[in-house]
Amino acid sequence: MREQTPHPKRVFPTPKTFYRIAATMKPQTIPTRPFTDQRPGTSGLRKKVTVFQQPHYLENFVQSTFNALGGIRGKRLVLGGDGRFFNQQALQTIIRLAVAGGAAGLLIARNGILSTPAASHLIRKYGLDGGFILSASHNPGGPAGDFGIKFNIANGGPAPEKLTEAIYAESLKISAFQIVDIAAVDLERLSLSRILETEIRIIDPVADYADLMAELFDFDLIAGLIADSDFRFLYDAMHAVTGPYAEEIFCRRLGAAPDTLLNCTPKEDFGGGHPDPNLKYARRLVDIMFGPAPPAFGAASDGDGDRNMILGAGFFVTPSDSLAVIAANAHLVKGYRKGLKGVARSMPTSQAIDRVAARLGIDCYETPTGWKFFGNLFDAGRLSICGEESFGTSSDHVREKDGLWAVLFWLNLLAVKKLPVAEIVTRHWRDYGRNFYSRHDYEEIDSTIADRIMEELAQRGPGLIGRRCGRLQLTVADDFSYRDPIDGSLSCNQGLRLLFADQSRIILRRSGTGTSGATLRLYFEKPENDPAAMMSETQTALAELIDLAEELTRLKELTGRREPTVIT
Ligand code: G16
């Protein structure tokens, strides 16, 4: 395991070119009025592009962030994003605001293309004070799509709730922002320049990250697997940020053929797709992996490169199972050979990882949904690997979830075990027991109806405790709350839980990342220890829970939907 704290601060190599841009204009103070809708959600502020295009909308949020930080003077930040529509304008605006505020340094990814995990790594590696990542993650892009901005702090992780609430409070009382009127900074060439007090460095966004991956994984072993003519794999970057990273790591460093990569050119609208690596939106990859003569391994990542989907030939690995398999086999992988300090999962994520933690004799933490809740545990040295059902997995090498990390972990595992993906997972089930798991998403529901469904279940649930529903006996019905074991902060209303005596669960929560109406997520989990029953089809195995959830929530009835928008 790599030592995490204190993180060594490294210095950039001396640049070949340095130029000073004369800023003729002095910072100006522009009066503004608050917007009332700038409270960050599960992961930053996500809105329709048209909302961000309103005059002063972005400026207000960025200035509110600076204000919540006690000013930006003397601070050094990383800047980049997933390349979606409006990234370029937004980057130039943030540069002007940061220069006006007296930032000491801006490290900007070439062309503004920077994955979320790579941003986290840069902040940590170069000891920066934080950074802005411009992304709405897996949400669609383009002029009619979504845009987003999130601030990460000096540990490389997402701003914790204390800071996001402070930003929101500032956004409600903002009356002016400072900006400097300078020409657009050229983001295409690597360079070093200075504007007023701010040193601006345009950097290669890929190299540092690829070097980090080479420290954690056995690249020679993986290259050997890739060179084996019997092994074929496909990686789908979904026209999002990981394309350049995949080309460098898989092709240049590991020797994969170029046709291993699908959709590796970042596009402002993700090629019209929905850059969400799941069974619905990564359709082309899924069709190949479930078609005739499929490759042995398939994987995809999302808009900003923090999510991952893992597939074997004709086999989908749920994110929860992927997390459990990764933790159970971490000792086989170079960067994790010394063992794990602890593991964690978000509350709706299946308890498959809990079984692994129990076997390893290490702690397993249950946190609310949102990567920001893992940060304190990582910093306190209590956590090595964690994950979420929402296709996020990572370790203490950064403070974000990391899509390519998970893909490399699986490649490393396949190279060590020399078994098909499906065989690795089914052996894991036989060894530890299986947790059948599925998530049903109902997107773009009318907000009033979504509120009503949540409220009715919250009121009704506790009265059902102790009642038998068929084979199931309800033991807990509550709204999950979490007290952070490190700083003692309390987070309430994190999702309605129905827990049953056999450890089956139904969870209902409202998504914190959607931008149109409300998205409701229903999560179903059922533990199975009988090897004969483990190979059932997932939806069939969960049918009793799915029917009970409809009976208790009347979700389909009240929304008029006949089926979920997405099932994973
Ligand atoms: C974000 C967070 C994740 C979280 C997910 C849940 O993912 O970073 O930690 O699990 O949202 O989203 P929701 O609230 O919609 O269920 P991402 O990849 O969108 O940044």
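The model is predicted.

Helix H10 spans residues 319-328, and helix H14 spans residues 421-432. The two helices pack at an angle of about 80°, and their axes are 11 Å apart. Because of that angle, H10 is roughly perpendicular to H14. From H10, the residues that make the contact are Asp321, Ala324, Val325 and Ala328. From H14, the contact is made by Ile424, Val425, His428, Trp429 and Tyr432. Sorted by class, the residues in the contact of H10 with H14 comprise seven nonpolar, one polar and one charged.

How many of the residues of H10 are buried? The count is 10 of its 10 residues, and H10 is thus described as mostly covered. The buried residues of H10 begin with Pro319, Ser320, Asp321, Ser322 and Leu323, and they continue with Ala324, Val325, Ile326, Ala327 and Ala328.

Helix H7 (residues 219-227) packs with helix H13 (residues 403-417) at an angle of about 75°. The axes of H7 and H13 are 9 Å apart. It follows from the angle that H7 and H13 are roughly perpendicular to each other. On the side of H7, the residues that meet H13 are Phe219, Leu221, Ile222 and Leu225. Their partners in H13 are Leu408, Leu411, Asn412, Leu414, Ala415 and Val416. The contact of H7 with H13 consists of nine nonpolar residues, one polar residue and no charged residues.

The discussion now turns to charged side chains. Where the side-chain nitrogen of Lys or Arg lies within 4 Å of a carboxyl oxygen of Asp or Glu, the pair is counted as a salt bridge. By this rule, the structure has 37 salt bridges.

One of these joins arginine 39 to glutamate 165, with an N to O distance of 2.8 Å. Arginine 39 lies in the loop between strand S2 (28-31) and strand S3 (45-48), while glutamate 165 belongs to helix H5 (residues 161-173). The pair links distant parts of the chain, since its members are 126 residues apart. Arginine 39 is partly exposed, with a relative accessible area of 45%. Glutamate 165 also counts as partly exposed, at 33% relative accessibility.

Another salt bridge is formed by the side chains of arginine 359 and aspartate 431, at 3.4 Å from N to O. Arginine 359 is in helix H11 (residues 352-360) and aspartate 431 is in helix H14, so this pair ties together parts that are 72 residues apart in sequence. The relative accessibility of arginine 359 is 47%, which counts as partly exposed. Aspartate 431, at 45%, likewise counts as partly exposed.

A further salt bridge brings together glutamate 389 and arginine 439, at 2.8 Å from N to O. Glutamate 389 is in the loop between strand S18 (385-388) and strand S19 (392-395), and arginine 439 is in strand S20 (residues 434-445). These two residues are 50 residues apart and link distant parts of the chain. Are the members of this pair buried or exposed? Glutamate 389 counts as buried, at 4% relative accessibility, and arginine 439 is buried with a relative accessible area of 8%.

Salt bridges can also be joined into a network. Here, such a network links Arg345, Asp354, Glu366, Asp478, Arg497, Arg505 and Glu525.

A disulfide is a covalent bond between the sulfur atoms of two cysteines. The structure holds zero disulfides. Cysteine 251 is in no disulfide, and its nearest cysteine sulfur belongs to cysteine 264, 7.5 Å away. Cysteine 251 counts as buried, at 17% relative accessibility, and cysteine 264 counts as buried, at 9%.

Finally, methionine 454 may be considered. This residue is found in helix H15 (residues 447-460). Methionine 454 is buried, with a relative accessible area of 17%. Apart from its neighbours within four places in sequence, methionine 454 is in contact with Leu496, Leu508, Arg509, Arg510 and Leu520. Methionine 454 and leucine 555 are 101 residues apart along the chain, and their C-alpha atoms are separated by 9.5 Å.

Conventions
Residues numbered from 1 in each chain as written. Predicted model: local features only at pLDDT ≥ 70, side-chain atom pairs only at ≥ 80, totals over all residues. Heavy atoms only, no water. Disulfide = S-S within 2.5 Å. Buried < 20%, exposed > 50% of the residue type's maximum accessible area, 1.4 Å probe, protein only. Axes fitted to C-alpha atoms, helices over the stretch in contact; angles between N-to-C directions. Helix = DSSP H or I, 4+ residues; strand = E, 2+ residues; numbered from the N terminus. Parallel < 35°, antiparallel > 145°, perpendicular 65-115°, else oblique. Contact = heavy atoms within 4.5 Å. Nonpolar A, V, L, I, M, F, W, Y, C, P; charged D, E, K, R; others polar.
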